[in-house]
Amino acid sequence: MSEVKSKIKRVSALKQRGKVLRETDPLLAVFQWGCNHMVYSGAMRMNEAEFVSDQPLILDRDFKAFAKVNVHNQYYNEQELPSKYKVKEYCPVVFKSLRSRFCEDPSDYVSSICDGEIKGGKSPGKGGGDIYYTHDDRLVIKTLTKDEVASFHHTFKQYYSYIVESGGKSLLARYLGMYRVTVNERDTYIVVMNSIRPTRISTTRLYDLKGSKVDRTASEKERSKELPCLKDNDFEEAGERLFLGEETETFLSMLQADVSFLAKHNLMDYSLLVAIHECTAEVDQPVPSIDNVDPDCTPDSIDRSENVYHIGPDLTKLKKSGAPNPHNLYFIGIIDVLTVYNTRKKAAHAAKTAKHGARAEISTVKPEQYAKRLVELVRSVLIQ
């Protein structure tokens with residue numbers, strides 16, 4: 001009897017494209033899935049709008065457009081995704097234009113969101129919402145309240161026009177995308193922005209400045225954090241000053257234009273976020289000479305394509321400038337720009353004025369006064 005021969009089937013294994021959904025939080029997992037929904041060439045992840053050819057003009061209808069995906073009764077990936085969810089992307093073509101103007105590569109955008117763990121959680125502020133950072137610290141993912149969503153839709157068209165007219169030279173938050181994620185019949189609104197804090201180098205000190213004095217001291221709970229977000233009174237007590245070198249006037253011009261835009265649209269209660277990198281290995285030890293700074297910790301040249309909010313000289317120029325604080329690098333931008341001076345804020349203004357007096361520097365004031373006061377604060381701490 002002839003020997004039975006068995007046929008061996010050889011299968012070439014396909015290389016895994018990489019794990020995309022890394023989150024145990026259903027909200028974040030669905031958000032990552034939505035951003036990664038369109039896959040191009042099996043490797044480069046692209047947002048759906050990137051396949052649309054560029055438009056010479058953004059029209060009114062583009063601000064009303066949206067892309068939406070509904071998923072019902074999916075059980076092929078129960079471990080990482082709920083069985084039912086929705087993802088809605090607002091104004092895809094408009095945000096594509098903004099990302100282009102902000103030099104945000106689409107594949108980098110989706111990779112930052114999807115190719116690693118999203119970090120963060122509850123916001124330290126009083127306004128509500130959660131703040132997350134992507135795994136590479138390039139992007140901020142913030143959830144919005146209903147009032148912020150309404151304000152966003154009301155001012156987004158004007159914001160886009162302002163960015164176009166200014167050539168993208170602004171300290172305002174750089175909006176890169178807005179989404180509504182529905183999980184367990186609950187809607188969550190999410191906006192994605194560039195991070196103000198530096199990437200690849202650490203943040204030594206972080207300040208949230210409003211130009212007011214009342215209730216503007218960081219709490220003990222906040223101070224106990226590894227990187228506390230300090231406030232106006234802490235900034236003054238520390239004797240902080242800003243040396244921006246040749247960019248001082250450019251910075252002041254951008255700040256004045258930005259706050260004028262916000263005041264024009266009745267917005268206030270925003271903050272100037274100042275992240276400082278001190279070029280020392282240990283903050284509590286003597287500051288070493290510039291030549292001895294570890295280049296892996298503090299680069300001589302800041303990559304402004306990543307650190308888009310870097311203002312002032314880099315380390316090499318500081319070395320030659322004779323600056324009074326030649327060891328500080330500054331990253332400055334305006335955040336939380338969606339608060340409208342409405343009836344509730346007017347009532348808060350009246351209550352705080354009655355409590356602290358008419359001359360007290362409270363944070364809740366009219367938009368024009370708020371803008372003027374913030375500019376005056378910045379002028380007072382700049383080293384010309």
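Leaving aside residues up to four places away in sequence, Phe31 touches Ile113, Ile118, Ile141, Tyr179, Val181, Ile190 and Val192, where contact means heavy atoms within 4.5 Å. The model behind this is a predicted one, in which local features need pLDDT of at least 70, side-chain atom pairs count only at pLDDT 80 or more, and totals for chains, interfaces and linings use all residues. Residues are numbered from 1 along each chain as its sequence is written, and side-chain values use heavy atoms, with hydrogens and water left out.

Phe31 also turns up in the largest nonpolar core, which has 85 residues; Phe31, Tyr175 and Ile334 have the most contacts inside this core. A nonpolar core here is a set of buried Ala, Val, Leu, Ile, Met, Phe, Trp, Tyr and Cys residues joined through side-chain atoms within 4.5 Å. Buried stands for under 20% relative accessible area, exposed for over 50%, and partly exposed for anything in between, using a 1.4 Å probe and protein chains only. Helix 7 (residues 248–264) gives the largest share of this core, eight residues. Helices (H or I, at least four residues) and strands (E, at least two) are DSSP runs, numbered from the N terminus.

Helix 7 has a partner in helix 10 (residues 367–381): the two pack at an angle of about 165°, with their axes 8 Å apart. Axes are lines fitted to C-alpha atoms, for helices over the stretch in contact, and angles run from 0 to 180 degrees between N-to-C directions. Helix 7 and helix 10 are therefore roughly antiparallel to each other, a label given to angles over 145 degrees. On the helix 7 side, the residues that meet helix 10 include Phe251, Leu252 and Leu255; on the helix 10 side, Ala371, Leu374 and Val375 are among them.

Then there are the strands. Strand 4 (residues 85–90) is mostly covered, with five of its six residues buried. Strand 3 (residues 66–71) runs antiparallel to strand 4 and is joined to it by six bridges, while five bridges join strand 4 to strand 8 (residues 175–183), again antiparallel. Strands pair if DSSP finds at least two bridges between them. Lys86 in strand 4 is the bridge partner of Asn70, and Thr182 in strand 8 is the bridge partner of Lys86.

Lastly, Glu148 sits in helix 4 (residues 146–165). Glu148 is buried, with a relative accessible area of 12%. Residues up to four places away in sequence aside, Glu148 touches Lys142, Thr143 and Leu338.

Terms used:
Parallel < 35°, antiparallel > 145°, perpendicular 65-115°, else oblique.
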